[in-house]
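Welcome! Please take a moment with the structure below, and then we can walk through some of its helices and strands together.

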Amino acid sequence: MLLLFYTLQNLLSERYGEKILVPRIRNITWLYRTVARLKDQGPGGLFGLFDYSFHTEYGFPYSERLFEDIQILVANGMIYQDQRHYEMEGRWLQRYEYMLTAEGMAYAREVASSYRRECQMLQENLRQERHTIPFDVVSLNIRRYAGTRA
(Lines give C-alpha, C1' and ligand atoms only; values in the text may rest on other atoms or scores of the structure.)
Protein backbone atom coordinates (compact mmCIF):
# COMPACT_ATOMS: atom_id res chain seq x y z
CA MET A 1 0.00 0.00 0.00
CA LEU A 2 2.85 2.35 0.77
CA LEU A 3 4.16 1.87 -2.78
CA LEU A 4 0.72 2.77 -4.14
CA PHE A 5 0.66 6.02 -2.15
CA TYR A 6 4.27 6.73 -3.16
CA THR A 7 3.40 6.25 -6.84
CA LEU A 8 0.34 8.50 -6.48
CA GLN A 9 2.51 11.15 -4.81
CA ASN A 10 5.06 11.05 -7.62
CA LEU A 11 2.35 11.12 -10.27
CA LEU A 12 0.14 13.87 -8.82
CA SER A 13 2.39 16.21 -6.83
CA GLU A 14 3.85 19.38 -8.25
CA ARG A 15 6.61 21.66 -7.04
CA TYR A 16 6.78 25.37 -7.59
CA GLY A 17 9.26 27.63 -5.87
CA GLU A 18 9.32 26.88 -2.15
CA LYS A 19 5.98 25.02 -2.28
CA ILE A 20 4.85 21.52 -3.07
CA LEU A 21 1.31 20.48 -3.95
CA VAL A 22 0.72 17.17 -2.18
CA PRO A 23 -2.24 15.02 -3.33
CA ARG A 24 -4.92 13.98 -0.82
CA ILE A 25 -6.76 10.93 -2.13
CA ARG A 26 -10.42 11.68 -1.49
CA ASN A 27 -12.16 8.36 -1.66
CA ILE A 28 -11.22 5.16 0.15
CA THR A 29 -13.55 3.21 -2.14
CA TRP A 30 -11.38 4.33 -5.05
CA LEU A 31 -8.41 2.76 -3.25
CA TYR A 32 -10.34 -0.50 -2.77
CA ARG A 33 -11.43 -0.59 -6.41
CA THR A 34 -7.95 0.23 -7.67
CA VAL A 35 -6.23 -2.40 -5.54
CA ALA A 36 -8.83 -5.02 -6.54
CA ARG A 37 -8.32 -4.14 -10.22
CA LEU A 38 -4.51 -4.23 -9.94
CA LYS A 39 -4.66 -7.52 -8.05
CA ASP A 40 -6.75 -9.09 -10.81
CA GLN A 41 -4.06 -8.47 -13.41
CA GLY A 42 -2.84 -11.97 -12.61
CA PRO A 43 0.63 -13.52 -12.63
CA GLY A 44 3.34 -11.34 -14.07
CA GLY A 45 1.39 -8.26 -12.97
CA LEU A 46 0.81 -6.85 -9.53
CA PHE A 47 -1.01 -9.90 -8.18
CA GLY A 48 1.66 -10.72 -5.58
CA LEU A 49 1.97 -7.13 -4.40
CA PHE A 50 -1.73 -6.82 -3.55
CA ASP A 51 -2.61 -10.17 -2.01
CA TYR A 52 -6.00 -9.16 -0.61
CA SER A 53 -9.36 -10.91 -0.69
CA PHE A 54 -12.38 -8.76 -1.47
CA HIS A 55 -16.14 -9.02 -1.05
CA THR A 56 -18.90 -6.73 -2.34
CA GLU A 57 -21.38 -6.79 0.57
CA TYR A 58 -21.18 -2.99 0.85
CA GLY A 59 -21.71 -2.33 -2.85
CA PHE A 60 -18.01 -1.95 -3.68
CA PRO A 61 -14.97 -4.22 -3.41
CA TYR A 62 -14.01 -4.24 0.29
CA SER A 63 -11.11 -5.91 2.05
CA GLU A 64 -10.85 -5.80 5.81
CA ARG A 65 -7.14 -6.59 5.65
CA LEU A 66 -6.57 -3.74 3.18
CA PHE A 67 -8.35 -1.35 5.56
CA GLU A 68 -6.18 -2.66 8.42
CA ASP A 69 -3.00 -2.15 6.38
CA ILE A 70 -4.02 1.44 5.63
CA GLN A 71 -4.69 2.01 9.34
CA ILE A 72 -1.28 0.57 10.22
CA LEU A 73 0.33 3.09 7.86
CA VAL A 74 -1.72 5.84 9.52
CA ALA A 75 -0.72 4.67 13.03
CA ASN A 76 2.95 4.59 12.01
CA GLY A 77 2.80 8.14 10.67
CA MET A 78 3.41 7.14 7.05
CA ILE A 79 -0.04 8.22 5.87
CA TYR A 80 -2.13 11.12 7.14
CA GLN A 81 -5.86 10.35 7.39
CA ASP A 82 -8.54 13.00 7.61
CA GLN A 83 -12.25 12.42 8.00
CA ARG A 84 -14.43 14.90 6.10
CA HIS A 85 -18.17 15.45 6.48
CA TYR A 86 -20.20 16.82 3.58
CA GLU A 87 -23.82 17.21 2.59
CA MET A 88 -25.26 15.58 -0.51
CA GLU A 89 -28.94 15.70 -1.42
CA GLY A 90 -29.94 16.62 2.13
CA ARG A 91 -27.91 13.84 3.77
CA TRP A 92 -24.70 14.21 5.74
CA LEU A 93 -22.03 11.83 4.56
CA GLN A 94 -18.42 11.24 5.51
CA ARG A 95 -15.32 10.33 3.59
CA TYR A 96 -11.72 9.64 4.46
CA GLU A 97 -8.88 11.45 2.76
CA TYR A 98 -5.33 10.12 2.70
CA MET A 99 -2.01 11.85 2.13
CA LEU A 100 1.54 10.53 2.21
CA THR A 101 3.50 12.19 5.02
CA ALA A 102 7.11 13.33 4.70
CA GLU A 103 8.18 10.34 6.82
CA GLY A 104 6.15 8.04 4.60
CA MET A 105 7.71 9.57 1.51
CA ALA A 106 11.24 9.07 2.84
CA TYR A 107 10.61 5.46 3.83
CA ALA A 108 8.72 4.65 0.63
CA ARG A 109 11.62 6.03 -1.43
CA GLU A 110 13.93 3.51 0.30
CA VAL A 111 11.49 0.62 -0.17
CA ALA A 112 10.80 1.54 -3.80
CA SER A 113 14.41 0.88 -4.73
CA SER A 114 13.81 -2.81 -3.98
CA TYR A 115 10.52 -2.84 -5.93
CA ARG A 116 11.49 -0.96 -9.10
CA ARG A 117 9.55 -3.26 -11.44
CA GLU A 118 6.37 -3.07 -9.36
CA CYS A 119 6.67 0.71 -9.01
CA GLN A 120 7.04 1.06 -12.76
CA MET A 121 3.97 -1.12 -13.33
CA LEU A 122 1.99 0.89 -10.78
CA GLN A 123 3.02 4.12 -12.44
CA GLU A 124 2.01 2.88 -15.90
CA ASN A 125 -1.39 1.73 -14.63
CA LEU A 126 -2.13 4.89 -12.65
CA ARG A 127 -0.94 7.21 -15.41
CA GLN A 128 -3.61 5.74 -17.71
CA GLU A 129 -6.38 6.66 -15.28
CA ARG A 130 -4.88 9.84 -13.83
CA HIS A 131 -7.88 11.95 -14.86
CA THR A 132 -10.26 9.71 -12.84
CA ILE A 133 -8.33 9.71 -9.55
CA PRO A 134 -10.35 11.57 -6.90
CA PHE A 135 -7.89 13.89 -5.19
CA ASP A 136 -7.37 17.40 -3.89
CA VAL A 137 -4.02 19.04 -3.29
CA VAL A 138 -2.54 20.65 -0.22
CA SER A 139 0.05 23.36 -0.67
CA LEU A 140 2.94 22.96 1.76
CA ASN A 141 6.34 24.54 2.21
CA ILE A 142 8.87 22.06 0.81
CA ARG A 143 11.25 22.51 3.74
CA ARG A 144 8.51 21.94 6.31
CA TYR A 145 7.20 18.94 4.39
CA ALA A 146 10.67 17.47 4.13
CA GLY A 147 11.34 18.18 7.81
CA THR A 148 14.28 20.53 7.28
CA ARG A 149 14.70 23.98 8.74
CA ALA A 150 14.64 27.15 6.73
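Let us start with what lies around helix α2: its buried residues are covered by elements including α1, β2, α3 (64-75), β4 (91-100) and α5. Contact here means heavy atoms within 4.5 Å, and buried means under 20% relative accessible area, with exposed over 50% and partly exposed in between (1.4 Å probe, protein chains only). Helices (H or I, at least four residues) and strands (E, at least two) are DSSP runs, numbered from the N terminus.

Ten of the twelve residues of α2 are buried, so this helix is mostly covered. Among them are Trp30, Leu31, Tyr32 and Val35. The end C-alpha atoms of α2 are 16 Å apart, which agrees with the 16 Å that its twelve residues should span at 1.5 Å a residue; the expected span is 1.5 Å times one less than the number of residues.

## About the model

This is a predicted model, in which local features need pLDDT of at least 70 and side-chain atom pairs count only at pLDDT 80 or more, while totals for chains, interfaces and linings use all residues. Residues are numbered from 1 along each chain as its sequence is written, and side-chain values use heavy atoms, with hydrogens and water left out.

The predictor's confidence in each residue is its pLDDT, from 0 to 100. The protein chain has a mean pLDDT of 90, and 95% of its residues reach 70 or more. Among its elements, α3 has the highest mean pLDDT (96) and helix α6 (residues 142-146) the lowest (84).

## Helix α5

In α5, the buried residues are Glu118, Cys119, Met121, Leu122, Asn125 and Leu126. They cover an arc of only 160 degrees around the axis, so they sit on the same side of α5; the arc is that of the directions from the helix axis to the C-beta atoms. On the other side, Arg116 and Gln128 are exposed.

The buried residues of α5 pack against α1 (2-12), α2 (28-39) and α4 (102-112).

## Strand β2 and its partners

Strand β2 (residues 19-25) is largely enclosed by the rest of the structure, because six of its seven residues are buried. Two strands pair if DSSP finds at least two bridges between them. Three bridges join β2 to strand β1 (residues 14-16), and the two run antiparallel, with Arg15 opposite Ile20. These strands form a hairpin with two residues between them, and Gly17 in the turn has a positive phi of about 60 degrees.

β2 also pairs with strand β5 (residues 135-141), over seven bridges in the antiparallel sense. There, Lys19 stands opposite Asn141.
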